[in-house]
Amino acid sequence: MLTGKQKRYLRSLAHHLDPIFQVGKGGVNDQLIRHIEEAIEVRELIKVNILNNNDDDRYEIAEEIAAKSGCELVQVIGKTIVLYKESTDHKQIELPR
């Protein structure tokens with residue numbers, strides 16, 4: 001579980017990132033989750049964009065992706081989701097205490 005200070009730090013790092021995945025009208029599926037798991041292991045911090053043709057609640061989508069991929073939900077802002085998971089092999093981000 002991330003503290004407020006850690007979430008603020010991760011939000012500041014994520015500000016300059018571009019979304020690398022998109023959730024469309026098909027919603028969240030196993031293939032998307034697998035790709036997110038692979039990318040988060042290398043990058044630790046990613047953004048996911050929800051397309052306009054998806055009518056599901058953005059917070060539910062964010063919670064579902066975070067739960068299924070084992071990531072921490074950092075932020076949902078607009079239709080963008082920020083996810084974090086500490087990498088075992090490619091650790092780059094040092095969180096404040």
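These notebook entries record what I looked up in one predicted protein model.

**Entry 1: basis.** I worked on a predicted model, in which local features need pLDDT of at least 70, side-chain atom pairs count only at pLDDT 80 or more, and totals for chains, interfaces and linings use all residues. Residues are numbered from 1 along each chain as its sequence is written, and side-chain values use heavy atoms, with hydrogens and water left out.

**Entry 2: overall fold.** I found three helices and four strands in the protein. Helices (H or I, at least four residues) and strands (E, at least two) are DSSP runs, numbered from the N terminus. From the N terminus on, the order of elements is α-β-α-β-α-β-β. The radius of gyration of the protein is 13 Å, close to the 13 Å from the globule rule for 97 residues, so the protein is as compact as a globular protein of that length. That radius is taken over C-alpha atoms, and the rule is 2.2 Å times the number of residues to the power 0.38. I noted that the C-alpha trace spans about 40 × 25 × 25 Å along its principal axes.

**Entry 3: burial and contacts.** Buried residues account for 38% of the 97 residues. Buried means under 20% relative accessible area, exposed over 50%, and partly exposed in between (1.4 Å probe, protein chains only). Of the contacts between residues at least 6 apart in sequence, 69% join residues at least 24 apart; contact means heavy atoms within 4.5 Å.

**Entry 4: α2 against α3.** I examined helix α2 (residues 30-43) and helix α3 (residues 58-69), which pack at an angle of about 65° with axes 10 Å apart. This makes α2 roughly perpendicular to α3, a label for angles of 65 to 115 degrees. Axes are lines fitted to C-alpha atoms, for helices over the stretch in contact, and angles run from 0 to 180 degrees between N-to-C directions. On the α2 side I33, I36 and E37 meet I65, K68 and S69 of α3. By class, this contact has three nonpolar, one polar and two charged residues.

**Entry 5: the loop between α1 and β1.** I located L17 in the loop between α1 (4-14) and β1 (21-23), and D18 is also in the loop between α1 and β1. L17 counts as partly exposed at 32% relative accessibility, whereas D18 counts as exposed at 62%. Leaving aside residues up to four places away in sequence, L17 touches L45 and K47. From D18 to K47, 29 residues apart in sequence, I recorded 6.6 Å, C-alpha to C-alpha.

Notes
Parallel < 35°, antiparallel > 145°, perpendicular 65-115°, else oblique. Nonpolar A, V, L, I, M, F, W, Y, C, P; charged D, E, K, R; others polar.
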